[in-house]
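Here's a quick tour of a protein model, written for someone just starting out. Have a look at the picture first, then follow the notes below.

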Amino acid sequence: MEVLNIVKIVLEEGMKYAILALGVYLAYSILDFPDLSVDGTMPLGAIVSAVLILKGVNPWISVVLAFICGAIAGCITGILHVKLKLQPLLSGILVYTLLLTVNLVLIKAGTGGQSIASVFGKETIFNSGAANVLPENIGSINVRKLIVLVIFVLILKILIDLYLKTKSGMLLRATGSNQQYVVMLAKNPGASKILGLALGNGLAAVSGSVIAQSTETANTNMGVGMVVFGLSSVIIGLSLFKRIHFMKATTMVILGTIIYKACLQIAVVIGLPSEYNKALMAVLFVLALVFSGTFKEKVKKRREKHA
């Protein structure tokens with residue numbers, strides 16, 4: 001039974017963070033844009049959602065509003081890059097720095113000066129509305145939260161897959177792989193970049209909203225290391241399952257997140273102190289880069305350049 005509980009925890013955590021990883025996938029893999037603003041938009045979504053729930057707003061509406069707030073932040077990142085010609089990393093850092101203040105102001109204004117927003121005992125997407133129709137337990141294991149998360153993530157995955165097949169989605173893919181081709185089609189690659197970053201950061205904010213409602217708390221430090229987490233999940237998923245041709249990339253990313261969370265959970269089970277979690281995340285990220293071949297390819301290109 002202990003093993004089943006661990007599996008349930010891994011799946012729950014994997015599903016919550018898979019939403020973040022899907023957002024990182026859009027920016028990093030589709031647009032080839034290393035977006036550091038995710039570290040700010042993830043806690044932004046959590047804080048917006050928690051504060052709204054404290055004010056009596058429906059939890060599902062708070063998720064939608066969190067997405068909108070994250071999308072606006074993503075638009076700002078895109079505008080800094082496209083209109084002001086700033087480098088992707090600098091654009092993300094500037095927005096992340098801005099969001100540090102925005103998140104702190106929001107949480108203090110929404111909680112009366114507190115640094116943590118707690119929604120303990122409030123209605124969330126896991127204990128209200130349609131969630132109450134779902135079974136609460138299977139045996140002695142509470143599975144309602146996991147069921148809600150699986151359904152929610154699958155819906156998001158399907159919507160992303162459908163979007164990427166549309167004309168706008170095709171342009172998004174083309175912008176990441178060959179901007180000049182998009183220009184030749186008389187389309188604006190800058191607009192596609194802004195849209196892609198808006199969607200990616202919107203999903204990161206939704207992930208923060210879901211995590212806040214799951215843990216019933218939100219704070220400004222939730223986003224630390226989320227870029228590394230998201231990139232690791234994307235790289236692990238796309239590397240491990242790239243030979244399975246019938247599997248969609250979004251499915252690979254979700255499975256990669258679950259595998260990454262499983263690695264972190266194993267560390268907890270064997271007794272690794274929690275203060276080493278971030279270091280472990282960094283190590284896993286490096287391993288993911290090495291095994292994906294990305295690191296080797298970059299080394300090869302540098303050698304050819306200096307040859």
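Let's start in the middle: the largest nonpolar core has 65 residues, and Ile 19, Leu 20, Val 210, Ala 218 and Phe 229 are the ones that touch the most other members. Helices 1, 2, 5, 8, 9, 10 and 11 each give two or more residues to this core, and helix 1 supplies the largest share, with 13 residues. Keep in mind that this is a predicted model.

**Around the core**

- Take Ala 218, one of the residues that touch the most other core members. Skipping its neighbours within four places in sequence, Ala 218 is in contact with Ala 46, Ile 47, Ala 50, Ile 107, Ser 115, Ile 116, Ala 117 and Ala 212.
- There's another core too, lying apart from the largest one: it has six residues, including Leu 44, Val 48, Leu 80 and Leu 99.

**Helix 9**

- Helix 9 runs from residue 226 to 240, so to speak a stretch of 15 residues, and it reaches 21 Å from its first C-alpha to its last, close to the 21 Å expected.
- How many of the 15 residues in helix 9 are buried? Eleven of them are, which leaves this helix mostly covered.
- The buried residues of helix 9 are Met 226, Val 227, Phe 229, Gly 230, Leu 231, Ser 232, Ser 233, Val 234, Ile 235, Ile 236 and Gly 237.

**Helix 5 meets helix 8**

- Helix 5 (144-164) and helix 8 (189-215) pack at an angle of about 175°, and their axes are 12 Å apart.

- Lys 16 sits in helix 1. Is Lys 16 buried or exposed? Its relative accessibility is 3%, so Lys 16 counts as buried, as the cut-off is under 20%.
- Leaving out neighbours within four places in sequence, Lys 16 is in contact with Leu 149, Ser 207, Val 210, Ile 211, Ser 214 and Thr 215.
- Lys 16 and Val 153 are 137 residues apart in sequence, yet their C-alpha atoms are 8.1 Å apart in space.
- Asn 103 belongs to helix 4 (residues 88-111), and it's buried, with a relative accessible area of 2%.
- Neighbours within four places aside, Asn 103 is in contact with Gly 40, Pro 43, Leu 44, Ile 47 and Thr 220.

- Ile 147 is found in helix 5 and is partly exposed, with a relative accessible area of 24%.
- Not counting residues up to four places away in sequence, Ile 147 touches Leu 134 and Pro 135.
- Ile 147 and Glu 12 are 135 residues apart along the chain, and 8.9 Å separates their C-alpha atoms.
- Val 283, in helix 11, is partly exposed as well, with a relative accessible area of 45%.
- From Val 283 to Val 105 it's 178 residues in sequence and 34 Å in space, C-alpha to C-alpha.

Methods:
Residues are numbered from 1 along each chain as its sequence is written. This is a predicted model: local features need pLDDT of at least 70, side-chain atom pairs count only at pLDDT 80 or more; totals for chains, interfaces and linings use all residues. Side-chain values use heavy atoms; hydrogens and water are left out. Helices (H or I, at least four residues) and strands (E, at least two) are DSSP runs, numbered from the N terminus. The expected span of a helix is 1.5 Å times one less than its number of residues. Buried means under 20% relative accessible area, exposed over 50%, partly exposed in between (1.4 Å probe, protein chains only). A nonpolar core is a set of buried Ala, Val, Leu, Ile, Met, Phe, Trp, Tyr and Cys residues joined through side-chain atoms within 4.5 Å. Contact means heavy atoms within 4.5 Å. Axes are lines fitted to C-alpha atoms, for helices over the stretch in contact, and angles run from 0 to 180 degrees between N-to-C directions.
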